[in-house]
Amino acid sequence: MDQLPNLLVLSQTIPQSIYAGSIVLYRLLKDYPKEKLLVCGSLPSSNAEILECRYEVLESPFKRFERTRFSILIRSLRTFKIIPSFKNSTIESTLGGFKPDVILSVMQVQKYYFLAYRYAKYKNLPLILLVHDIPEVFERVYRWADKLQLARNAEVYQYAYKRLCISPEMRDKLSKKYGAEGDVLYPNRSDNLTPRPAHESIHLKQPGTLIIGYAGSLAYGYGIQLHRMIASFSEIGIKLRIYSDYVKGTHHPLSDLSDTVTYCGYAASPSETWSRVKQECDIVILPYCWINNKYQNLYKTHFPSKLPEYLALGMPLFIVGPDYATGVKWGLRNPEAAFVVTENNPAAWIRALTQLKESASLRQSLSQNAVSIGTRNFDPATIQNQFLHHLRQTLKNKESTHAE
């Protein structure tokens, strides 16, 4: 750890459940030496599990508008530099004597990665970017700001010394889009997950009923696809349990389907949620939708952070969706660890789910292979070591450059 740089993180709250990129960053940094780490960003929520290091709050005066219908206007104006940003002197005083060697940001929330780039350039420091989503997809601007947003994002991306992309597809897409090469760093799952014994998959929790678990957001088409599958679930005796922050009674197409769907909410901690999934469900599902190709650009590059988590549970995994989605592509490359259906056809869904419901040996085999193949692909210690290697390499390059 002594060869690691003094790291200044300019990013959104770590962790912050609405930004998957910050959860990934939190897991990468949770064992980082606290004396070498300073995090500047939004105020952590009262129930957030924060890093053991110094935090400083940097919030723009437009914060109250950024979660409203005015957010797209704020981003568009910021792209044109009409909205004022923090002065370099303000950042200097916030650091309070901390001397960063490297600056790190998640290229996900515009105001922070713009700030990270500007300050890194001002101090002639290397910048490392984690890229979890295509910025133009995740933070939209008005059409009149599109070209400038693309140009500014390319400027930030090209300046970075390291560009750590969530998938090979993301790396390749941004290489063409921004004109700079990147590296792949898969999302690192929690390191405290333990698989349930594979033999638990032999018997269904309720005889004659297959119980499917889904954990995570219902946005980005996941809830839409689950809704499209409800009739198929009902036809062959399947129940769906949803572990999400969705509140029953609010507007959502799944809200009136209580006979088939049970809303379980999130537990007090992610580990408790995963424990409930293992105890209450027979299999887990990763659902992508085909509707109007609305999410095609997202699915082609974004890698689902819940996939490594699912694989660590020691449960059969069912993936359904178009073959261009990164999670589907992973499942097709690893058929021993996931049962994948790429047909947009309820008959195909029913055939696959019937197989999973009736074949105890299939469920057990998928459970065993999910753990071994998931560990091979997404071992948390390996991914964290890859991240630390990038940091050490950046520091070494900075020192050699300054020595010249």
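How many bridges join strand β11 to strand β12? There are four, between residues 283–287 of β11 and residues 317–320 of β12, and the two strands run parallel. The model in all these views is predicted.

**View 1. Six parallel strands form an open sheet.** The strand order is β10-β9-β8-β11-β12-β13. From one strand to the next, the twist averages 25°. Strands of a sheet pair through backbone hydrogen bonds, in either a parallel or an antiparallel way.

**View 2. Helices α8 and α13 lie across strands of the six-stranded sheet.** Helix α8 covers residues 222–235. It lies across β8 (210–215), β9 (238–243), β10, β11 and β12. Its direction makes an angle of about 125° with β11. Helix α13 covers residues 346–358. It lies across β8, β9, β11, β12 and β13, and runs at about 165° to β13.

**View 3. Seven parallel strands form another open sheet.** Here the order is β3-β2-β1-β4-β5-β6-β7. The edge strands, β3 (54–57) and β7, each pair on one side only. Two bridges join β6 to β7, and these strands run parallel. Leu-164 has Asp-183, in β7, as its bridge partner. Helix α6 lies across β5 (127–131) and β6. Its angle to β5 is about 120°.

**View 4. Asp-183 and Lys-162 form a salt bridge.** Their closest N and O atoms are 3.9 Å apart. Asp-183 sits in strand β7 (residues 183–184) and Lys-162 in strand β6 (residues 162–165). The pair links distant parts of the chain, 21 residues apart. Lys-162 has a relative accessible area of 9%, so it is buried.

**View 5. Arg-27 forms a salt bridge with Glu-309.** The closest N and O atoms are 2.7 Å apart. Arg-27 lies in helix α1 (residues 20–29) and Glu-309 in helix α11 (residues 306–311), so the contact ties together parts that are 282 residues apart in sequence. Arg-27 counts as buried because its relative accessibility is 17%. Glu-309 is buried too, at 4% relative accessible area. Helix α1 also holds Leu-25. Leu-25 is buried, with a relative accessible area of 0%. Leu-25 and Val-9 are 16 residues apart in sequence, and their C-alpha atoms are 9.8 Å apart in space.

**View 6. Lys-123 and Glu-92 meet in a salt bridge.** The N to O distance between their side chains is 3.4 Å. Lys-123 belongs to helix α4 (residues 110–123) and Glu-92 to helix α3 (residues 88–95), so the pair ties together parts 31 residues apart in sequence. Lys-123 counts as partly exposed, at 36% relative accessibility. Glu-92 is also partly exposed, with a relative accessible area of 31%. Side chains of opposite charge can pair when their charged atoms come close. The structure holds 14 salt bridges. Elsewhere, Lys-30, Asp-31 and Asp-191 are linked in a network of salt bridges.

**View 7. Helix α2 packs its buried residues against α4 and α6.** Helix α2 spans residues 71–79. Which of its residues are buried? They are Ser-71, Ile-74, Arg-75, Ser-76, Arg-78 and Thr-79. These residues pack against α4 and α6 (146–159). After the helix comes Lys-81, with a positive phi near 60°.

**View 8. The second largest pocket is lined by 17 residues.** About 390 Å³ of space lies within it. Ser-85, Phe-114, Leu-115, Arg-118 and Arg-152 are the lining residues nearest its centre. The elements that give two or more residues to the lining are α4 and α6. Which element supplies the largest share of the lining? That is α4, with six residues.

Terms used
Residues are numbered from 1 along each chain as its sequence is written. This is a predicted model: local features need pLDDT of at least 70, side-chain atom pairs count only at pLDDT 80 or more; totals for chains, interfaces and linings use all residues. Side-chain values use heavy atoms; hydrogens and water are left out. Two strands pair if DSSP finds at least two bridges between them. Axes are lines fitted to C-alpha atoms, for helices over the stretch in contact, and angles run from 0 to 180 degrees between N-to-C directions. Contact means heavy atoms within 4.5 Å. A salt bridge is a side-chain nitrogen of Lys or Arg within 4 Å of a carboxyl oxygen of Asp or Glu. Buried means under 20% relative accessible area, exposed over 50%, partly exposed in between (1.4 Å probe, protein chains only). On a 1 Å grid over the protein atoms alone, a cavity is a set of points where a 1.4 Å probe fits but cannot get out, and a pocket is an open set with protein on both sides within 12 Å along at least five of seven lines; lining residues have an atom within 4 Å of a point. Grid points are joined across faces, edges and corners, and a volume is the space filled by probe spheres set on the points.
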